[in-house]
Amino acid sequence: MIEAAQLRKEYHMGDSVVHALAGVDLRIQPGEFVSITGASGSGKSTLMHILGCLDRPTSGIVRVAGETVSALNDKQLARIRNQHIGFVFQTFNLINRTTAFDNVLVPLVYTRRAFAKKAARDALERVGLGKRSKHRPSEMSGGECQRVAIARAIVNKPRLILADEPTGNLDTRTGEQIMQIFHELHADGITILVVTHEMDVAVQAQRMIHMKDGNIVEDTAVDDHRREQILTQAHDVHTRAFRQKAAAKAILPAAARVPEVGGWPTSFGGGGGDDRGHDAERESSSPPGPKDLGYPAEVDPVRE
Amino acid sequence: MFHLQILLMAFRGLKQNLVRSLLATLGVIIGVGAVVSAVSILEGAQRNILDRFESLGADQVLIFNGSDRKSHRQVQTSSLLPKDSDLIAEENKDIIVAAAPQYSGAGQVKFYEKNAFATILGATESYAPMYQYKVAQGRFLTREDVRGNAMVAVLGYKVANEIFGALPSVGKTVKINGKSFILIGVMEEKGAYGFIELDSQVIIPLSTAMGRMFGQRYLNMLVVQCTSAARVPACIERVKKTLRASHQISAGDDDDFIVFTQDQFKQQLGQVALIFGVVLYSIAGISIIVGAIGIMNIMLVSVTERTREIGVRIAVGARRFDILKQFLAEASIISMFGGALGIVFGWAISNLLSELTQVLETYTPPIIIALALLMAIMVGIVSGIYPAIRASRLDPVQALRYE
């Protein structure tokens, strides 16, 4: 899905040169769920922008979705962003003056696809906001806004989602709900790359990349054992709370699952998301590939 | 080029800041309104004046007192005598049909308690035929009236109406500037001749006017009717020759009279219109520029304000050209909307002016509506292009971080 070789990015600040990326090599397979961590200035955002075709490397080769994007022009990059990549930002970046529905519609404006409205409706249904489509961002909670942003990211059915601190502006509980959606998207086979500095978010990925001074200094696969290890090392209260939760969940069975009815599943478990008694689907270490989703059986995806 | 989605987006963008958008529109409304009203006033005035000159007749030559050349020698300011008229007609029968000498002054016409102010025109029997000016009741002046200094008068349509209304007037005696005149006729309604309102005149024999009425030696004006418009230049030469001889002007000295034709009036009018045009169009042009700057200003603010939005749009796949189009569309909507309202506004203003002043006639040529719309679109594009380019060149990474 992603291939980067000897990726360098330099910024000129007056006379000095800042090496935001100092020769990064990276391969991400289709269907992977990868987290990138690192301190401010470690180059994680720069890497994400370059992988997301928003920025160009000073040197090096980038291949995204089978295309060598470092060789493409602006117009071709725009097409790749539009068709293959979905962005999710820390601050949601919704257009405040329009409704949730119109926000989700924005990528489709540039796709000029037929049935755009249906696609936008489906995407909103999918993040559980089918009933809130006429609301403006100012009328919604942070979690709802981020779900609208995710709906916008997936409306063109991209193969790659790039999330830059997606839970950074949300409380823990809402952040978990958002991560849950990512897990579900991942289960659908979408490659997910999350940039974060929250350890409990990072460990939910299958693979953790840690960056420092423009280099990848750690790149490890995360299994349950490793996850436990990392969480044990973590000391902050926030992370401990998560660990307890994760432990509690581990004993719950993967209940309330119904088979997927083809295409997009329609929901992530209903309106506000606060009635989800058991987040049993949270299986962050599960292998990529189609997976059942816990959406309520009464929602008929064909009808809408 | 602009598909519906982008236009809709542009509309929403404008609606969001309705007051600001309307203020930007106001600039265009005033600018386009100024242009439309300037054109209407100028066009109306020109048409009005041209119409008046058309009434002069292309085959007529007008002769006035005075000199149109800069001369070192003193030239007598008044020179045209009644006999000059006879001489011109007599000596140039082959080329000149008639000559109509005129003297006019202001006067008051009184019939018992009714009275009216009018132009008292001293004329000869050749006056009415020259203008195809017909008598509605009674008769016009005759050669005998003129020769005999008769105390007779012919009323213009308006004067007759004012004093007598529907009552018969021919044969009645009226007082003109205190002197008694017998009314011999009433003229038909005729309107304007050049700048003279024929219907407000009272016509009396030239000899009476110059003698008993005003006590003058010299004519105001002498109108010469040539056999055809084509022969006007030849006609002028002959008139000059006759007059120079009559006035005993030696070779090399300047004329002591001025000859005018319809063509010359038109040329002079053209120059006056040009000056007025330059002034009016400059004002209109400046308002358009101010309007354009207003739009540009608003658009620049809008681009800065929506930096993040632009970043998002680029991130989700907008091409730079799409961003450019969106902002250009916004500027164009402002300017086209403003242009349309401006046309209505300008048209209303010019009509109001003509209504209020009663003398200013305005005319809004249909073509100007198309031109004004075109101009509005141009304003939109010109003022929108720079902000739009700025928006489209934003670095998405920077734009997404913009606070």
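Predicted model: local features only at pLDDT ≥ 70, side-chain atom pairs only at ≥ 80, totals over all residues.
**Exercise 1. Count the residue pairs in polar contact that the rule finds across the interface of chain A and chain B, then describe chain A's side.**

Step 1: The rule gives seven residue pairs in polar contact across the interface of chain A and chain B, both residues at pLDDT 80 or more. Here a polar contact is a pair of N or O atoms within 3.5 Å; within protein, one must be able to donate a hydrogen and the other to accept it, and residues adjacent in sequence count only if both atoms are side-chain atoms.

Step 2: On the side of chain A that touches chain B, α2 (74–84) and α3 (100–111) each bring at least two residues. Helices (H or I, at least four residues) and strands (E, at least two) are DSSP runs, numbered from the N terminus.

Step 3: Sorted by type, that side of chain A has nine nonpolar, five polar and eight charged residues. Ala, Val, Leu, Ile, Met, Phe, Trp, Tyr, Cys and Pro count as nonpolar, Asp, Glu, Lys and Arg as charged, and the others, Gly among them, as polar.

Residues are numbered from 1 along each chain as its sequence is written, chains are lettered from A in the order in which they are written, and side-chain values use heavy atoms, with hydrogens and water left out.

**Exercise 2. Find how many salt bridges cross the interface of chain A and chain B.**

Step 1: The rule (a side-chain nitrogen of Lys or Arg within 4 Å of a carboxyl oxygen of Asp or Glu) turns up two across this interface.

Step 2: One of them pairs the side chains of A:D74 and B:R320, at 3.0 Å from N to O.

**Exercise 3. Work out where A:N93 sits, and whether A:N93 is buried or exposed.**

Step 1: Look in the loop between β6 (85–88) and α3 of chain A.

Step 2: Check the backbone: A:N93 isn't a glycine, yet its phi is positive, about 55°. Most residues other than glycine have a negative phi.

Step 3: A:N93 has 6% relative accessibility, so it counts as buried (under 20% relative accessible area; exposed is over 50%, partly exposed in between; 1.4 Å probe, protein chains only).

**Exercise 4. Determine how many residues of α5(A) are buried.**

Step 1: Helix α5 of chain A covers residues 142–154, 13 residues in total.

Step 2: Of those 13 residues, 12 are buried, including A:C145, A:V148 and A:I150.

How values were computed. Expected span 1.5 Å × (residues − 1).
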